[in-house]
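Biologist: Let's go through this one step by step. Please put the structure up, and I'll ask as we go.

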Amino acid sequence: EVGPAISKGSFGVVYKCVRKSDGRVFALKQVSLKEMKRVDRQEAIDEARMLAQMNHPHITKHIDSFIDAEDKLNILME
């Protein structure tokens, strides 16, 4: 369940999300790829890939990434 916006940046919005099955809270960053130049689009996708490879106590843990039907990059994080 996607809740209210937590933060807004120049490229995207971060929402508070709650998994219905267990009530676990996540952050969902959505970046609209529709109007982006090819270079900016690739940088956004690279951010998700890089975050997925990180494993450090001071970096938010990556859970999943996907591009939805509305051409938005979704990055699900702790």
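Biologist: Among contacts between residues at least 6 apart in sequence, what share joins residues at least 24 apart?

Modeller: This is a predicted model, so keep that in mind throughout. Take the chain's contacts between residues at least 6 apart in sequence. The share that joins residues at least 24 apart is 35%.

Biologist: How many bridges pair S2 with S3?

Modeller: Start with S1 (residues 2-8) and S2 (residues 12-18), which pair antiparallel over four bridges. They form a hairpin with three residues between them. S2 also pairs with S3 (residues 25-32), again in the antiparallel sense. The number of bridges between S2 and S3 is seven.

Biologist: Which residue in S3 is the bridge partner of Lys16?

Modeller: S2 and S3 form a hairpin with six residues between them. Gly23 sits in that turn, with a positive phi of about 75 degrees. For Lys16, the partner in S3 is Ala27.

Biologist: Is Asp64 buried, partly exposed or exposed?

Modeller: Asp64 lies in strand S4 (residues 62-67). Its relative accessible area is 39%. Buried needs under 20% and exposed needs over 50%. Asp64 falls in between, so it is partly exposed.

Biologist: Which residues does Asp64 contact, leaving aside neighbours within four places in sequence?

Modeller: Ala52 is 12 residues from Asp64 along the chain, and their C-alpha atoms are separated by 7.7 Å. The contacts of Asp64 beyond those neighbours are Asn74, Ile75 and Leu76.

Biologist: What is phi at Asp71?

Modeller: Asp71 is in the loop between S4 and strand S5 (72-77). Most residues other than glycine have a negative phi. Asp71 is not glycine, yet its phi is positive, near 60 degrees.

Biologist: How far apart are the mean positions of the positive and negative charges?

Modeller: The chain exposes about 5800 Å², with carbon and sulfur atoms supplying 51% of it. It carries 13 positive and 12 negative charges. Their mean positions are separated by 1 Å.

How values were computed:
Residues are numbered from 1 along each chain as its sequence is written. This is a predicted model: local features need pLDDT of at least 70, side-chain atom pairs count only at pLDDT 80 or more; totals for chains, interfaces and linings use all residues. Side-chain values use heavy atoms; hydrogens and water are left out. Helices (H or I, at least four residues) and strands (E, at least two) are DSSP runs, numbered from the N terminus. Buried means under 20% relative accessible area, exposed over 50%, partly exposed in between (1.4 Å probe, protein chains only). Contact means heavy atoms within 4.5 Å. Accessible areas come from the Shrake-Rupley method with a 1.4 Å probe; for residues, only the protein chains shown count as cover. Lys and Arg count as positive and Asp and Glu as negative; His and the chain ends are not counted. The place of a charge is taken as NZ of Lys, CZ of Arg, CG of Asp or CD of Glu. Two strands pair if DSSP finds at least two bridges between them.
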